[in-house]
Amino acid sequence: MRMSQERPAPRYRCAALVGPYSSGKTTLMEALLHSAGAIPRKGSVAQKNTVGDASPESRARQMTIEPNLASCRYLDEDWTLIDCSGSVELAQDAMAALMVADIAVVVAEADPDRAVILAPMLRFLDEHEIPHILFINKMDRTDIRMRDLLAALQQVSARPLLLREVPIRDGDSVSGYVDLVSGRAYKWRENQSSDLIEAPGDIKPRQDEARQTLLESLADFDDALLEQLLEDKIPAPKEIYTQLTRDLQQDLIVPVFFGSAEHGNGVTRLWKALRHEAPAHDAAATRLGYDAHGGFAATVFKTQHQPHTGKLSLARIWSGRLADNSNLGSRRISGLYRLKGGENQKLAEAGPGEIVGAARLDDLATGQTLRADGTAEATWNWPKPAEPVHAVALSLSDRKDDVKLTTSLTKLCEEDTALSVHHIDATGELTLAGQGDIQLQIAVERLKSRFNVAVTTVPTRTAYRETIRRPTKQHSRFKRQTGGHGQFADIQVEIRPQPRGAGFAFENKVVGGAVPKNYIPAVEAGAREAMNRGPLGFPVVDLVVALTDGQHHAVDSSDQAFRTVAQMAMAEGLASCDPVLLEPIQAVSIAVPAEYTAKVHAIVSSRRGQILGMTAREGWTGWDLIDCQLPEAEMHGLAVELRSVTLGVGSFTARFDHLQELMGRIAEHVVEERRRAVAA
């Protein structure tokens, strides 16, 4: 009797495609899906018919603005591909997707001058020990020497880059490759598997040199291989493949492949490398501190709010199974989906390694891991959002949408954790802050299209202050008779400046009960209220108000009368204290590759900034850290300008440092603008 054989459990793998904007990640995902037979024909970004970038915001900009997921089956394995945004402003989503991926495919252009763009992403991958492959795209259109390109890329990678193939050139174009392990040569075909050919005779020297470099790099991690090389023995291809796989899975090396996603060149070779050399999902689970064979665990890496399904938590399951309409403690799974571009496929259940969308888990947040008992815990080493570097003030087009705006902004911040909302007490503004103008534009568009909340945006106002430079004495009286009880209060005060940053102080120097003790707090309150707007139109800081004398009336005096007279005294006295405008100064630390340092100095100078010092950026070879001070009024647009002169890799952090006197034409302009705003 023939015994039935159980089919092995399916393996679910995940690869994230990352790289700079315009490197061709979305096109590469189309090529991978087409090569796997998941789609009948490749879409085009220009024609707006790709599986990814299905949202209106993506297609309008022809760029990836959020992770795009697509599932396929390549040979005997199920894969989820995640196409991540290449915009530096939207990097938070890309980092979250990488945390749950088995392997990253870093897509780069064949241009040595743009190699530095990869530095932040490669560093993130190395810091989190995420295995990654480098795929050099658009190789069919370049005459760049591979040696020069690899040298430039190695400058931005802490891991050794191992070229796995050498290009076969046909004039100035690349038409195929020779695999450095098997020694076989292939000629590319448009959107098809390559043809096996005889290697051109003139490629042998380059092939031998590159193969020797590959073996020597591998020997750094294997003593047995090193011994073979020293004895001039040729290791077997199987042995080399085994070593390559082990070193990649341990994130010791970065294999380098090349091709053309647009023409489907090199795509089958990339698939084979992913299938044979990428780690299984249990390695990613271990990296995050979970046991792939333990109790149920699934990590949320993206949150979406969709019109029909409501909140959708995209999660990767590490262990156990998740079924629709099941309960995890007090949580109920009210919808389980597999995502493919803009479509959701209903699932009955899912198991280890799969990426799913779970509906209506309202209090589950990105970066949390859900357990079998329904508890949600913070995932170890989850990347924190970068500090905001750009903000706009929001104004409702319809005041009736006030409550809806608050709810909608909360949902947007759940979707993109790099967004944050702040109410600025100093200016009374509601601000939306993030990593750049494009990110904030997308958020505002979604407020309108998805939540039906229309807002206008304006640059945030600078929180100017004013202070005084000389003391004065002021005598003020408030007297009003309206029949019955009147109003009466009389005070004498001294107003004098304090050191910068000392704040406000009130002193009671009254003797003999000229002002009864029960009215003293009203005088202080009135003085504080008067400081909300000084002679120049801004809040007043850093001064002392001393109550020295006064008069009261047994019947007509009151708290309100003394509060009012204190406001009068401050308004009259501050104008004679030589008021001066203060502007907030930010302490700014700018990180850039050393080749752009001179340009950054020019940017700081043009924005009335002061360079304080410069040091080498710790842990970043060839990078500088520039410490400076910049007026808050000059910070708007700094992120955009900095990125424009550094190929997008320059970054900065800023914090309030101190208030500084501002005089001259700039101060006059600020005061005049304030007066017009108050009058309006």
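Mentor: A residue is called buried when its relative accessible area is under 20%, exposed when it is over 50%, and partly exposed in between, using a 1.4 Å probe and protein chains only. Helices (H or I, at least four residues) and strands (E, at least two) are DSSP runs, numbered from the N terminus. The model is predicted, so local features need pLDDT of at least 70 and side-chain atom pairs count only at pLDDT 80 or more, while totals for chains, interfaces and linings use all residues. Residues are numbered from 1 along each chain as its sequence is written, and side-chain values use heavy atoms, leaving out hydrogens and water.

The part to examine is helix H13, which spans residues 520-530. Its buried residues are Ile520, Ala522, Val523, Gly526, Ala527 and Ala530. They lie on the same side of H13, because they cover an arc of only 160 degrees around the axis, the arc being that of the directions from the helix axis to the C-beta atoms. What do these buried residues pack against? Their partners are strand S29 (487-497), strand S30 (504-508), strand S31 (543-551) and helix H14 (559-574), where contact means heavy atoms within 4.5 Å.

The strands just named belong to a sheet. In general, strands of a sheet pair through backbone hydrogen bonds, either parallel or antiparallel; here two strands are taken to pair if DSSP finds at least two bridges between them. The sheet is open and has four strands in the order S28-S29-S31-S30, with mixed pairing. Strand S28 (472-480) and S30 are the edge strands, each pairing on one side only. From one strand to the next the twist averages 25 degrees. Axes are lines fitted to C-alpha atoms, for helices over the stretch in contact, and angles run from 0 to 180 degrees between N-to-C directions. S28 and S29 are joined by nine bridges in the antiparallel sense, and Lys479 stands opposite Phe488 in S29. H13 packs on this sheet through contacts with S29, S30 and S31, and its direction makes about 150 degrees with that of S30. H14 lies across S28, S29 and S31, at about 40 degrees to S29.

The interior can be described through nonpolar cores. Such a core is a set of buried Ala, Val, Leu, Ile, Met, Phe, Trp, Tyr and Cys residues joined through side-chain atoms within 4.5 Å. The largest has 111 residues, and those touching the most other members are Leu28, Ile82, Leu98, Leu134, Ile136, Trp271 and Phe301. Helix H3 (residues 91-100) gives the largest share of this core, seven residues. A second, separate core of 30 residues includes Ile495, Met531, Phe562 and Cys577.

Two members of the largest core, Ile82 and Phe301, are also in contact with Ile355, whose other contacts beyond four places in sequence include Cys14, Leu69 and Tyr337. Ile355 is found in strand S20 (residues 355-359) and is buried, with a relative accessible area of 5%. S20 pairs with S17 in the antiparallel sense over two bridges, and Leu336 stands opposite Ala358 in S20. Strand S17 (residues 336-340) is largely enclosed by the rest of the structure, because four of its five residues are buried. S17 also pairs with strand S18 (residues 343-346), again antiparallel, over four bridges, with Arg338 opposite Gln345 in S18. S17 and S18 form a hairpin with two residues between them, and Gly341 in the turn has a positive phi of about 65 degrees.

A further open sheet has four strands in the order S7-S8-S9-S10, with antiparallel pairing. Strand S7 (165-170) and strand S10 (192-197) each have a single partner strand, so one side of each is left without a neighbour in the sheet. S9 and S10 pair over four bridges, and Tyr186 stands opposite Leu196 in S10.

Finally, rings of Phe, Tyr and Trp (its six-membered ring) pair if their centres lie within 6.5 Å; planes under 30 degrees apart count as stacked, over 60 as edge-to-face and the rest as tilted. By this rule there are seven aromatic pairs. The rings of Trp188 and Phe258 have centres 6.1 Å apart and planes at 70 degrees, so the pair is edge-to-face. Trp188 lies in strand S9 (residues 185-189) and Phe258 in strand S11 (residues 254-258), so the pair ties together parts that are 70 residues apart in sequence. Trp188 counts as buried at 9% relative accessibility, and Phe258 counts as buried at 1%.
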